[in-house]
Amino acid sequence: MKKVRRVYQTGNFREVRDVWVTDRYVPRGPRLKGNARKSQMDANMKAAIRESTRILNGNFCYEHGDLLCTYTFTREPEDRNEGWKLFAKHGLDKLRKLARSNGRELKMYAVVSDMDGRTKAPERIHIHAVLSGVTMEQAREVWKLGVVDCRTIRKEKTHARLARYLLEQCRCAPNEKKWHTSRNLERTKLLSETEVHGNPRYRLPKGAELIAQGEYSPEEGKLLDLQILMPERDAHTQRPADRPGTPEKRRRKKT
């Protein structure tokens, strides 16, 4: 086994993790339906929550007025698949048009919920959608198939609790998509993966802010796990915005 440090980034959100990996390649065995262990299912859920947190952190925030909306059905769909198709046809298409009329582009992360996240009891199918680009009134007015509950997302530096809340309400079948997103979201990129020896610290980039960290105890197997908010980037150049006195500014003055 060797320890590697993986650095992921989604938009301005960066995650740094140390993980143990095997030194040699072990071919994966054939899939057997219904053969997943409880420990493997729990690990898959943790991985899904972690990836959803990256997506939400990298694309949505309270300061932009982004919303968490719940869309219910007066006539319950037959299954999760029909519920999503109804929302896409009667809600999502209208929301895209309204966002364009606002001079913005709709951003969306949504799950089809059919289970109580606390008791695990079945519930009526409904849609939870995190939206950016539309107002609260617009998010409500497009939906004619049931009731809409809308609120701004919480003012939090990390949306880990929101990701857990959403995914724990999905009674997904094996290999079924746990969430739906619009195509214009910032996607998670693996910036680097390097082998590390000992327990070296991670130096925060200039202007970055540490917003969350896991419990660190190498003796107990709890390795480095950091969530970092990087400086805002210019939308056109995809690099930190120029500041007076930077080399870029000095070059411009000489010319």
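Colleague: How many aromatic pairs does the count come to?
Modeller: This is a predicted model, and side-chain atom pairs count only at pLDDT 80 or more. Rings pair if their centres lie within 6.5 Å. By this rule the count of aromatic pairs comes to six.

Colleague: Is the pair of Phe73 and Trp143 edge-to-face or stacked?
Modeller: Phe73 lies in the loop between β3 and α2, and Trp143 in the loop between α3 (136-141) and β6, so the pair ties together parts that are 70 residues apart in sequence. Phe73 is buried at a relative accessible area of 5%, and Trp143 counts as buried at 4%. The ring centres are 5.5 Å apart and the planes stand at 80°, so the pair of Phe73 and Trp143 is edge-to-face.

Colleague: What is the angle between the planes of Trp84 and Phe87?
Modeller: Trp84 and Phe87 are three residues apart in helix α2, which means a separation of about one helical turn. Trp84 counts as buried at 14% relative accessibility, and Phe87 counts as buried at 0%. Their rings form a tilted pair, 5.5 Å centre to centre, with an angle between the planes of 45°.

Colleague: Which residues do ring pairs link into a cluster?
Modeller: Two of the pairs have been described: Phe73 with Trp143, and Trp84 with Phe87. Ring pairs link these residues and one Tyr into a cluster, namely Phe73, Trp84, Phe87, Trp143 and Tyr71.

Colleague: Which element gives the largest share of the largest nonpolar core?
Modeller: This core has 25 residues, and Trp84 and Phe87 are among those that touch the most other members. Elements giving two or more residues to the core include β3 (67-72), β5 (122-132) and α2 (80-101). The largest share, seven residues, comes from α2.

Colleague: Which residues does Trp84 touch, not counting residues up to four places away in sequence?
Modeller: Trp84 counts as buried, at 14% relative accessibility. With residues up to four places away in sequence left out, Trp84 touches Leu92, Met108, Ala110, Val112, Ile127 and His180.

Colleague: Is the disulfide that joins Cys69 to Cys150 right-handed or left-handed?
Modeller: The structure holds one disulfide, with an S to S distance of 2.4 Å between Cys69 and Cys150. Cys69 lies in strand β3 and Cys150 in strand β6, so the pair ties together parts that are 81 residues apart in sequence. Cys69 is buried at 0% relative accessible area, and Cys150 counts as buried at 8%. The torsion about the S-S bond is about 90°, so the disulfide is right-handed.

Conventions: Residues numbered from 1 in each chain as written. Heavy atoms only, no water. Core = buried A, V, L, I, M, F, W, Y, C linked by side-chain atoms within 4.5 Å. Buried < 20%, exposed > 50% of the residue type's maximum accessible area, 1.4 Å probe, protein only. Helix = DSSP H or I, 4+ residues; strand = E, 2+ residues; numbered from the N terminus. Contact = heavy atoms within 4.5 Å. Disulfide = S-S within 2.5 Å. Phe/Tyr/Trp six-rings, centres within 6.5 Å; stacked < 30°, edge-to-face > 60°.
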